[in-house]
Structures are given as structure tokens and as C-alpha cells.
Amino acid sequence: PARTGGFPDRAQSCMQGIMSEYSWHIPDPVTQPEFYADVTSKRLLAWLVDTVLIVLICLLILPFTAFTGLFFFPFLMLVVGFAYRVATIARGSATWGMRLVAIEFRRLDGQRFDLTMAFLHTLGYTVSIGMPLLQVISIVLMLTTERAQGLSDHVLGTVALNRRAMT
């Protein structure tokens with residue numbers, strides 16, 4: 001029965017909104033599993049590539065600090081890594097490592113990341129790296145959820161997908 005006043009049942013409306021977001025804008029892992037195939041292992045490989053690139057950038061910066069950067073190299077890595085991730089994700093919804101393995105981030109509405117979402121996702125990643133328990137939770141989520149989402153992905157409503165082939 002319809003309610004008076006034009007307000008639908010709040011729980012039902014909320015669930016329909018969530019279901020329409022998931023099912024309408026991003027690929028469904030049941031009907032389109034190819035978008036999620038090997039995403040977790042690709043994320044690991046992309047992370048390794050990005051880490052090597054960040055180390056190389058930091059090594060290039062080191063002489064400009066008169067080598068005093070050696071005393072705060074972990075902090076330099078943190079700052080350069082944060083800037084690298086925000087800049088590359090904001091520009092193409094993927095880091096260079098992610099582009100190499102053909103994955104990208106998307107919001108649940110199907111849109112690519114903008115600067116704000118890139119910043120928030122990188123902030124979530126940085127916090128989880130700084131707290132090993134959160135990183136373990138994130139890895140377990142990537143390995144066990146049907147969309148292979150990490151902790152930051154769940155909090156922000158984002159997903160990493162295999163990129164569509166260019167035609």
C-alpha cells in the first residue's frame with residue numbers, strides 16, 4: 001500500500017538507490033566478471049611498479065637536498081609518494097603502475113576520479129599503510145569481496161576495474 005504524503009518507505013528507497021548505483025553504473029561481478037578478473041594481483045603488481053618509480057624519483061631529488069634527504073628519506077618517500085599518487089590518479093584515474101597493468105579506479109556512479117577523490121583515496125591508502133592492521137583488513141577485503149575492493153574503496157564507494165579495451 002502506498003503511503004500518504006508521497007514519502008516511500010525509507011529503507012526500501014535506500015536499498016533501491018544502492019542497488020541502482022551498483023547495478024546500473026559499474027559492471028556487475030556476476031554478469032561481467034571480466035572487469036574484476038585478476039584485479040587483486042594486478043593491484044599488487046601496480047603497487048610494486050609505483051613503489052619503484054617513487055624510489056627513483058626520491059633518488060633523483062636527493063642531490064637537491066645536499067644529500068641531507070638521507071636523514072629523512074622515509075618522510076621524503078611518503079611526501080613524494082602521496083603527490084605522485086594524487087597527481088597520476090587525478091589525471092587518468094590510475095597510477096602509472098595501474099595503467100601498465102590495465103586497471104583503473106571508478107566511482108560507483110561509473111565516473112573516473114577527480115582531484116578530490118584522488119586525494120581522498122590516496123589519504124585512505126596512506127593511513128592504511130601507516131596502520132598495519134588496516135592494511136591487513138584492506139588486503140583481506142580485496143581477496144574476499146566480489147568486487148575486490150580494499151578498505152578505502154569500501155569507505156569511499158570506489159572500485160578498481162580492468163580497463164575497457166580501446167576500439
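**Exercise 1: aromatic pairs**

Task: Count the aromatic pairs in this predicted model, then work out how the rings of F82 and F119 are arranged.

Solution: 
- The count comes to three aromatic pairs.
- Take F82 and F119: their ring centres sit 5.5 Å apart, with 75° between the planes. Planes over 60 degrees apart count as edge-to-face, so this pair gets that label.
- F82 belongs to helix α3 (residues 73-92) and F119 to helix α5 (residues 115-130), so the pair, 37 residues apart, links distant parts of the chain.
- F119 is partly exposed, because its relative accessible area is 39%, which falls between the 20% and 50% cut-offs.
- Next come F105 and F113, at 5.1 Å centre to centre and 10° between the planes. That pair is stacked, because the angle is under 30 degrees. Both F105 and F113 are buried.

**Exercise 2: placing S152**

Solution: 
- Leaving out residues up to four places away in sequence, S152 touches H121, G124, Y125 and T158.

**Exercise 3: a nonpolar patch**

Solution: 
- List the members: L44, L45, W47, L48 and I129 make a patch of about 450 Å².
- Helix α2 (residues 39-61) gives the most, with four residues. L44 is in this helix.

Conventions:
Residues numbered from 1 in each chain as written. Predicted model: local features only at pLDDT ≥ 70, side-chain atom pairs only at ≥ 80, totals over all residues. Heavy atoms only, no water. Contact = heavy atoms within 4.5 Å. Patch = residues over 30% accessible without salt bridge, like charges linked within 9 Å, V, L, I, M, F, W, Y side chains within 5 Å. Areas by Shrake-Rupley, 256 points an atom, 1.4 Å probe, with all protein chains shown as cover. Salt bridge = Lys/Arg side-chain N within 4 Å of Asp/Glu carboxyl O. Helix = DSSP H or I, 4+ residues; strand = E, 2+ residues; numbered from the N terminus. Phe/Tyr/Trp six-rings, centres within 6.5 Å; stacked < 30°, edge-to-face > 60°. Buried < 20%, exposed > 50% of the residue type's maximum accessible area, 1.4 Å probe, protein only.
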